[in-house]
Amino acid sequence: MKNKKNKIISIILSFVFVLGLTGCGGEVRRADGSQEEYEYLITVGFAQGGEEGSWKTANTESFQTIFVEDNGYELLLEDAGIDQEKQIHVIREFIEKEVDYILLAPVAEYGLEEVLEEAKEARIPVLLVGALNADIDSSLYECQICSNTEKQVQEMGNWLETYLEERENKGENKEVTDNKGYTKKTKQDRLKEEEKQRQEEKAKQQKSGGGETDESKEEQEEEKEAPYILAVVQDYIGTARQLTLAEGYQKLIEKHSDWQMEGQQTGENSREIAKQVVELFIEHYPELNIIIAETSDMALGVVDALEEHKKNQQSEADDQEEVILISLGAGREVLEAVRDGKIQAAFEQTPLQAPKTAEIIQKLESGIYLDKIQYVKDVYYDQTMNLEEVIAKQTY
């Protein structure tokens, strides 16, 4: 009896010892792989979705790099493309396999409630990645990991304000010579002359006893400085990110009386389709000053279109300025275009979301409370920066 009792105690102590090991540092997963061994692997099912493109490719590779065995993870990756039914099927497979976490890049924001309820009942936490304030019941997921698109469009507006102001200041006093060597009037000189002519015309009318005619009012309207004409090559219409960007543009237009939005059309995240869209913009809005492309691939399509039409643009008025192009994406090829002056600024929506996701999973493992929205760090690039160094370090 005594030996039997000692044997039971020994088994209990061994079990406690194993639990103690499991609760030690071996449970901590680090994105840099500094931990060599783990008592168990955290199984993560990633239901990737969305159109193919350089951003999605880099996003997928980010998770494949971070969620590896050396970092304490087992990654099950399935790409549903734009097929929501397939994505729902993938999630159900992850539930059946009893994964520890489900990462979801939603194909669509609607129609997921039932399968997410199933994941909740199975006590499997769901993290939305690449999403922006997705219109999904917040009780069905732990958090969303995304870029702060609202902040991004505000920063873009601030950058554009400064850029236009600096360009105006440079243009006011810059003397320009034509192809015969004659100095042309600066913008400031032209404005002064136009104002002088208006005052002289007004004095003549007052002297003759006549008031302003409708014709003179129209002439004065024409003499007013033309507004900045903007156009946007949009991502897929109706996504949370696209809608947030559209709201941001509206606020910028309301803030600036001399900014005028003329064209908004989807480029379907395609370089070729974006090129076609911009060709239409140029045809219908010849005074176009500013183009915003909502993804890297589409920004490159805009570059293609502008380069094709460059000679035609230069053959117009002597003082016509080139179109300002802003990319809301910052892959390697876009950064090279910024360096070469083909794109004036690139605002990053980083696809490298895996390190932040791994950090969040570790906090959930430790029972730390998290806000529903977790933002990744985004930056912007323009020609004032050391772009050669940035490009050399760019991984996508």
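F281 is buried, at a relative accessible area of 4%, where buried denotes under 20% relative accessible area, exposed over 50% and partly exposed the range in between (1.4 Å probe, protein chains only). The structure is a predicted model, in which local features need pLDDT of at least 70 and side-chain atom pairs count only at pLDDT 80 or more, while totals for chains, interfaces and linings use all residues. Residues are numbered from 1 along each chain as its sequence is written, and side-chain values use heavy atoms, with hydrogens and water left out.

The ring of F281 pairs with that of Y285 in a tilted arrangement, with 6.2 Å from centre to centre and 45° between the planes; rings of Phe, Tyr and Trp (its six-membered ring) are taken to pair if their centres lie within 6.5 Å, and planes under 30 degrees apart count as stacked, over 60 as edge-to-face and the rest as tilted. In contrast to buried F281, Y285 is partly exposed, with a relative accessible area of 24%. A stacked pair is formed by F347 and Y380, at 5.1 Å centre to centre and 20° between the planes. This pair links distant parts of the chain, since F347 lies in strand β12 (residues 345–347) and Y380 in strand β14 (residues 380–382), 33 residues apart; helices (H or I, at least four residues) and strands (E, at least two) are DSSP runs, numbered from the N terminus. F347 is buried at 1% relative accessibility, whereas Y380 is partly exposed at 33%. Across the whole structure seven aromatic pairs are found, and ring pairs join F46, F63, F67 and Y73 into a cluster.

Strand β5 (residues 143–146) is covered on both faces, with C143 and I145 buried on one side and Q144 and C146 buried on the other. Strand β4 (residues 126–129) runs parallel to β5 and is joined to it by three bridges, strands being counted as paired if DSSP finds at least two bridges between them. Three bridges likewise join β5 to strand β13 (residues 373–375), again in parallel. Q144 is the bridge partner of L128, and in β13 the partner of Q144 is I373.

With a disulfide taken as a pair of cysteine sulfur atoms within 2.5 Å, the count comes to zero.
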